[in-house]
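Subject: Structure handover

Hello,

Here is the structure I promised you. Please open it alongside this note; my findings follow below.

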Amino acid sequence: MQKRLLRDTALASTLAGAGFFAVVAGVVVDAATQHAVADETQLLWGDTHLHTSLSFDAYLNRNMSADPDMAYRYAKGLPVLNPGTGARVQIETPLDFLVVADHAVYLGVMRYVVEQGIPTDDLGLQDRVRAWFAQRWLRGVVADDEGMAAFASFLPEPMSVEEAAAQPPRTGGIPAADAMSRTAWQETIAITDRHNEPGTFTSFIGWEWSSIPAGANMHRVVFTPNNAEVGGQFQPFSTADSNYPEDLWAWLDATSKETGAQFVAIPHNSNISKGYMFSETTLRGEPFTAESARIRTEWEPVAEITQFKGDSETHPSLSPEDPFADFETYSHYIQQDAPVYAVHPGDYVREALKTGLKIEARIGVNPFQLGVIGSTDSHTGLASAEEDNFWGKFPRDTTPGGKTAGWRTGPGGGPNGWSMSASGLAAVWAEENTRESIFAAFKRREVYGTTGPRIAVRFFGGWDYEAGAADAADLATIGYAGGVPMGGDLTASVDGEAPKFLVRATKDPKGGNLDRLQIIKGWLDDSGEAQERVYDVAWSGDRVTGADGQLPAVGDTVDITTGEYENTIGAPELSALWQDPDFDASQSAFYYVRVLQIPTPRHSLYDALALGIDPVETAHPLTIQERAYSSAIWYKP
C-alpha cells in the first residue's frame, strides 16, 4: 500500500542540488541512491584524515620520515618504521581506502627547507636575505628539537573570532613557500595515483583547509575522486587564501567548473569550534538563505563525528538526559594562551542536526543535513585507530612515556598524549572499492563512523517492513526494497502512521561484544523548538529497564591489572525493527543509530601497565565503551 507523498517538486530540486528524484517503493531517493538500491553494497573501511611529514605541524613535531608513500603502505598492511621511534610497526587490519590530507598551508615547506633549502633562483636580493635567515632559523629549530615551541608560534593569538577571521591571511612568511608547496602537491598526487588499486585499495587525492581564527576550529578535509591529471590543474585552497568557509565553497565551485574535478569537504573537530562550525549564522554573521544553505549542503554532505581530538556527537551539558553523552570529551583549544573550554550548541553534531531542522522550517532548506564518519587526524602518517596499537597524535607522544608530557599551557590548560582518543574509522556502504563508488556513497550519505572497532551497521527506514525483517538473512535486500538506507529522506505518511526502522549491528570480529542499540531522535515540537530523545531498541542479556526508564549497565570484564577482558557479557549481534512510539506526522524529525560495545581497555590503561605505574596516574579513563554512529534518516512532513 502506497503511504508516502512526494515532496513539493521545487523544494525537492533545491535539496537535491543536482540530478533527479525518483520514487522507489513510495520513498524519495536521488539518482545516486537508486544505484545503491539496484546493486548489492559492501562495507568498506577507511580513514579520510591522515597527515604526513608534509604537514608543517607534523614535521615540527618530529614526523620527518612518514611521507605519503609510507602512509599508504601502512594503511595497506605493510610493515613500516614509526617516525618517532624507528621501530617496525604494522596495522592489525588493513584499510580499504585512505585520504592523505596534509595541511594546504605551507604544504611540504618545512621538510623542503630543512632537507633541500629554499630555492632562491627566482628571488630578489631582499627575499634571498630573508630566505637565508628563515632557513637558518628553521634548521636550528629542528636540530635543537625546538619544534614544539616553533609550532606554538604559528598558533592563533587571543582576539575575537570575527576580528581574526577578517584579518588578511598571513603570506610571505617564508620566501618561495608557494613554489615549494606546488612541488609537494605534484609529488603527493602522483604517489596517490600510484597506490590506487581499483577493487582492492582506494587512494584519494585530498588536503586539509585549516581555518582557525582565534582558536575557533573551522577545519575541513577536502577530497576528490579524480586522478592526478585533474588534480595537477589546481593548487589546494588554503588559509593563505581565506579563513571563511564560504570562500572555500566558492573556490570548489569555480575549480569544479574549470577542471571537471568533484569534491567533498568534511568539517572536523566541531567540538572545539567555539560554536562557529554549526552556527545559525555564517562566520561573517550572515543568516542562512535558501541559496547559501543549498551551497553548504552541496559541498558538505558529511561531518567527522569522532577522531583523535575527541568526540563531537554531543556533550553532557547539551544532552543532560543522555547517560552516554560524556564520551571522550576533548576540551583544549588550539591557540596561544588558550581559554577555559566553553560548550556551545554549534560545537556538536547532534545539535547541528537539530539546528538544521529549525533553519529548514524557516527557509525551506536544511544546511546541516549531515551524514557522519570517523577518522583519525593522525600526524604520524600511521592510521592507528586500534586501541592496543595506537601510536599517538604526533611522534612526540607515540611512546607511553612521551604521552606524559603536556603540549601547550594557558588558562584552559593543555592536553597530553592520553587526552587523545584512539579514534576513528569511516565506514562506507559502496557497490565496489573504487574512487567513484566510495565518493558516491559520501554524496548520498550512506556512510557512518566508529571510534575504531569495525562494527557493521545497517540502518533503513520505511513503512512496509514486516515482522521478522530484523532477523532475516537478507535484511539489506528487504531494507533497500522497502525504504531508504542511512542518509536518506522519508516523506509524509498519508494516514499518519509512524515509519519503521530496521537496524542490525554486528561486532568487530576482533573486538568486544555489543552492549546495546540505540536510536536517537531529534524533532521540532509544535512550538518550533528542537527536542531530542534516546531510545534503547535492542540490548544484550535479560536486562529490563528500571522505573527511571534507564537500562542497567551491561557490566565490565576488564581486568585493570592485566589489560585483558572477556566477551562473557554482551552479544555478538543485535537487531531490531522499531517504530517511533512518539511519532507525530506533522513534525520534522531525524533518526540515527548509536551502537555501544561492552567496556574494553583504553590505550591509557595499556600505557600505564607498560610504564609500571598506577593506572590512575594517567588521569584518564582506563576503559572505554567504543561505539558506532550511523548517518541519520530524515522524516519530512
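In which helix does W132 lie? W132 belongs to helix α6, which covers residues 125-143. It is also part of a nonpolar patch on the surface, together with L125, V129 and F133. The four share about 480 Å² of accessible area.

A word on confidence before the rest. This is a predicted model. The protein averages a pLDDT of 91, and 92% of the residues score at least 70. Residues 1-38 fall below 50. That stretch still has 73 contacts in the model beyond near neighbours in sequence.

Start with helix α4, residues 68-75. Of its 8 residues, 6 are buried, so the helix is largely enclosed by the rest of the structure. The buried ones are P68, M70, A71, Y72, Y74 and A75. What covers them includes the strands β3 (42-50), β4 (80-81), β5 (88-89), β6 (97-100) and β7 (202-209), along with helix α9 (177-195). Just after α4 comes G77, with a positive phi of about 105 degrees.

Helix α14, residues 435-444, is mostly covered too. Here 7 of the 10 residues are buried. They are R435, S437, I438, F439, A441, F442 and R444. Look just past the end of α14: R445 takes a positive phi of about 70 degrees.

V447 sits in strand β14, residues 447-450. Is V447 buried or exposed? V447 counts as buried because its relative accessible area is 0%, and the cut-off for buried is under 20%. Its contacts, leaving aside neighbours within four places in sequence, are V302, V372, I373, A427, V428, A441, F442, M486 and S631. For a sense of distance, take D542, which is 95 residues from V447 along the chain. Their C-alpha atoms are separated by 31 Å.

Strands around β25

Strand β14 pairs with β25 in the antiparallel sense, over 3 bridges. T450 has A628 of β25 as its bridge partner. Strand β22 (residues 589-597) also pairs with β25, antiparallel and over 3 bridges. There, V595 has A628 as its bridge partner. So how is β25 covered? In a regular strand, side chains alternate between the two faces of the sheet. Strand β25 (residues 627-630) is covered on both faces. R627 and Y629 are buried on one side, A628 and S630 on the other.

Strand β9

Strand β9, residues 264-267, has both faces covered as well. V264 and I266 are buried on one side, A265 and P267 on the other. Its partner β8 (residues 220-224) runs antiparallel to it, joined by 4 bridges. F223 has V264 as its bridge partner in β9.

A three-stranded sheet

Finally, 3 strands form an open sheet with mixed pairing, in the order β11-β10-β12. The edge strands are β11 (310-311) and β12 (371-374), and each pairs on one side only. Strand β10 (residues 302-307) pairs with β11 in the antiparallel sense, over 2 bridges. T306 stands opposite D311 of β11.

Best wishes

Conventions. Residues are numbered from 1 along each chain as its sequence is written. This is a predicted model: local features need pLDDT of at least 70, side-chain atom pairs count only at pLDDT 80 or more; totals for chains, interfaces and linings use all residues. Side-chain values use heavy atoms; hydrogens and water are left out. Two strands pair if DSSP finds at least two bridges between them. Buried means under 20% relative accessible area, exposed over 50%, partly exposed in between (1.4 Å probe, protein chains only). Contact means heavy atoms within 4.5 Å. pLDDT is the predictor's confidence in each residue, from 0 to 100. Patches are made of residues with over 30% relative accessible area and no salt bridge: like charges are joined within 9 Å, nonpolar side chains (Val, Leu, Ile, Met, Phe, Trp, Tyr) within 5 Å. Accessible areas come from the Shrake-Rupley method with a 1.4 Å probe; for residues, only the protein chains shown count as cover. A salt bridge is a side-chain nitrogen of Lys or Arg within 4 Å of a carboxyl oxygen of Asp or Glu.
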